Amino acid sequence: MKQMWETRAIALETLESKYSYEHNLINQSFDLIDKILISISEKSDFNITISMILGKAKILSKSIFSLVLDGYGQEAGALLRILMEAIELLIYIKNDLRRVQEVINNNLPSIGKIAKINNSNLHEIRKHLSNLSSHLNISIDSLKHLIRLNDNKIEMKLLDNFDESAFIDNIEALLAAKTVMISISIECLRLAQLPYSHFQQELYNIEHGKDY
């Protein structure tokens, strides 16, 4: 059972020692999400909608981070696809704040229709994640991180060995998604004429490695 946590321990040590910028960005961005959620605690349809989307996105982000630490990058991709859907929904609302009523009334279009309305560039990313991660895909290409075929032998990966290159790629993908998510959330606050500029400044400081 001890081996189950070795990959996570190595990942955390690597993140803290070699990727301090990414490590700080992860922690500070979660803190910023919490600050935004606290700021919209007054009950209104807009605040309820943004709180639900951003709160769910925060949980998805933490879950993705946890899976990546354990070396399950492909499995984390299934959750990253859902996080992309949350971002699509934030874009949809940002483009017309009246759409919060569709959330409140449980009358939203499908995520596919929302993506078409948004005309965003996230569709291909979601499609890629769907093909590789979001469905059970039993193929050599999709499971090459688990199985290796030699001339006369099948080698299965029984231990979750740490792959630094894949690890940091997955961390950077998560950070990119979180940064976009926070930025769109802040823009929603601005359009709703709610306090936003200090959050915008904090996001800028985080991205540029400054204390805030």
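In this predicted model, the charged end of K62 sits over the ring of F30, at 5.6 Å from the ring centre. K178 also places its charged end over the ring of F30, here 3.2 Å from the centre.

**Around S61**
- S61 is part of helix α3, which covers residues 45–69.
- With 0% relative accessibility, S61 counts as buried, because the cut-off for that class is under 20%.
- Once neighbours within four places in sequence are set aside, S61 is in contact with F30, L83, L174, K178 and M181.

**How α3 meets α8**
- Helix α8 spans residues 164–191, and its axis comes within 10 Å of the axis of α3, the two crossing at roughly 170°.
- An angle over 145 degrees counts as roughly antiparallel, so that is how α3 and α8 run relative to each other.
- On the α3 side, the residues that meet α8 include F46, I50, L54, A57, S61 and I64.
- On the α8 side, F167, N170, I171, L174, K178 and M181 are among those that meet α3.
- Sorted by class, this contact of α3 with α8 has 14 nonpolar, three polar and one charged residues.

**The aromatic pair**
- The structure holds one aromatic pair.
- Its rings belong to F162 and F167, with centres 5.3 Å apart and planes at 55°, so the pair is tilted.
- F162 counts as partly exposed at 25% relative accessibility, whereas F167 counts as buried at 3%.

Definitions and conventions
Residues numbered from 1 in each chain as written. Predicted model: local features only at pLDDT ≥ 70, side-chain atom pairs only at ≥ 80, totals over all residues. Heavy atoms only, no water. Phe/Tyr/Trp six-rings, centres within 6.5 Å; stacked < 30°, edge-to-face > 60°. Buried < 20%, exposed > 50% of the residue type's maximum accessible area, 1.4 Å probe, protein only. Lys NZ or Arg CZ within 6 Å of the ring centre and 35° of its normal. Helix = DSSP H or I, 4+ residues; strand = E, 2+ residues; numbered from the N terminus. Contact = heavy atoms within 4.5 Å. Axes fitted to C-alpha atoms, helices over the stretch in contact; angles between N-to-C directions. Parallel < 35°, antiparallel > 145°, perpendicular 65-115°, else oblique. Nonpolar A, V, L, I, M, F, W, Y, C, P; charged D, E, K, R; others polar.
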